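Trainee: I am new to this structure and would like to go through it step by step. May we begin once it is displayed?

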Amino acid sequence: VKEKYLQRLGGRAAVEKATTRVMTGTVTMRNLQASPETVQEKATGEYRIDIQAQPNPTIRAFDGTTAWSPGGPQGQVRDLNGLQRQQGLRLADFNLPLTITKRYSDLSVSRYGNVDGKDTIIVSGTAYPDVVEQLHFDKQTGLLLRRAIATGTALGPLPEQIDYSDYRDVSGVKVPFSVRYSTWNSLMVEKFTDV
């Protein structure tokens, strides 16, 4: 499943050759307000997301060691830890095709599923202690369509879901131009116009 995914993205050599990615477009939040967005990522794991929401722009960043975001009085920078850090890093998925077996322990094909009428093969793995992800790969194309995440808590699992669609070729590598990220309390739809 993993090798088919890499092949459908453009092949291992093409994916390994890409070392940075900059995506621009718009993001629409749960309140239906659309804002310009820029996502910058490196294959080494660093990323920065800039959302030009009004009146307060949002920034989330990871430098390879520390995840941070402005917040609090006068825009002071605060480190993201625990669940907030995990959530921020979930969207930094540029190197996922190459690090999938390192990112998840006990990775295994669990069953078949369906995403928006497309048959999928579901691969499950543990991303962090108490965090299980199900990766839904299109049976026909091999492309990743969905990541369903469940974080275990004392009150029950907290669900998150990332849906990928509108894959297009960019310099020999297929990239999803539409990403929908939903959690138990938020919704964000990214539509990229340039990658």
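Trainee: Leaving aside neighbours within four places in sequence, which residues is aspartate 50 in contact with?

Mentor: Please bear in mind that this is a predicted model. Aspartate 50 has its place in strand β3, which spans residues 47–51. Leaving aside neighbours within four places in sequence, the residues in contact with aspartate 50 are Pro36, Glu37, Thr38, Gln40, Thr58 and Ile59.

Trainee: Is aspartate 50 buried or exposed?

Mentor: The side chain of aspartate 50 makes a polar contact of 2.8 Å with the side chain of arginine 48. A residue counts as buried when its relative accessible area is under 20%. Aspartate 50 has a relative accessibility of 12%, and therefore counts as buried.

Trainee: Is glutamine 140 buried or exposed?

Mentor: Glutamine 140 is found in the loop between β9 (131–138) and β10 (144–151). Not counting residues up to four places away in sequence, glutamine 140 touches Lys4 and Arg8. The cut-off for an exposed residue is over 50%. Because its relative accessibility is 66%, glutamine 140 counts as exposed.

Trainee: What covers the buried residues of α4?

Mentor: Helix α4 comprises residues 96–103, and its buried residues are Leu96, Pro97 and Ile100. These cover an arc of only 70 degrees around the axis, so they lie on the same side of α4. In an α-helix there are 3.6 residues a turn, so residues three or four places apart point the same way. The cover over the buried residues of α4 includes α1 (2–9), α2 (12–17), β7 (105–115), β9 and β10.

How values were computed:
Residues are numbered from 1 along each chain as its sequence is written. This is a predicted model: local features need pLDDT of at least 70, side-chain atom pairs count only at pLDDT 80 or more; totals for chains, interfaces and linings use all residues. Side-chain values use heavy atoms; hydrogens and water are left out. Helices (H or I, at least four residues) and strands (E, at least two) are DSSP runs, numbered from the N terminus. Buried means under 20% relative accessible area, exposed over 50%, partly exposed in between (1.4 Å probe, protein chains only). Contact means heavy atoms within 4.5 Å. A polar contact is a pair of N or O atoms within 3.5 Å; within protein, one must be able to donate a hydrogen and the other to accept it, and residues adjacent in sequence count only if both atoms are side-chain atoms. The arc is that of the directions from the helix axis to the C-beta atoms.
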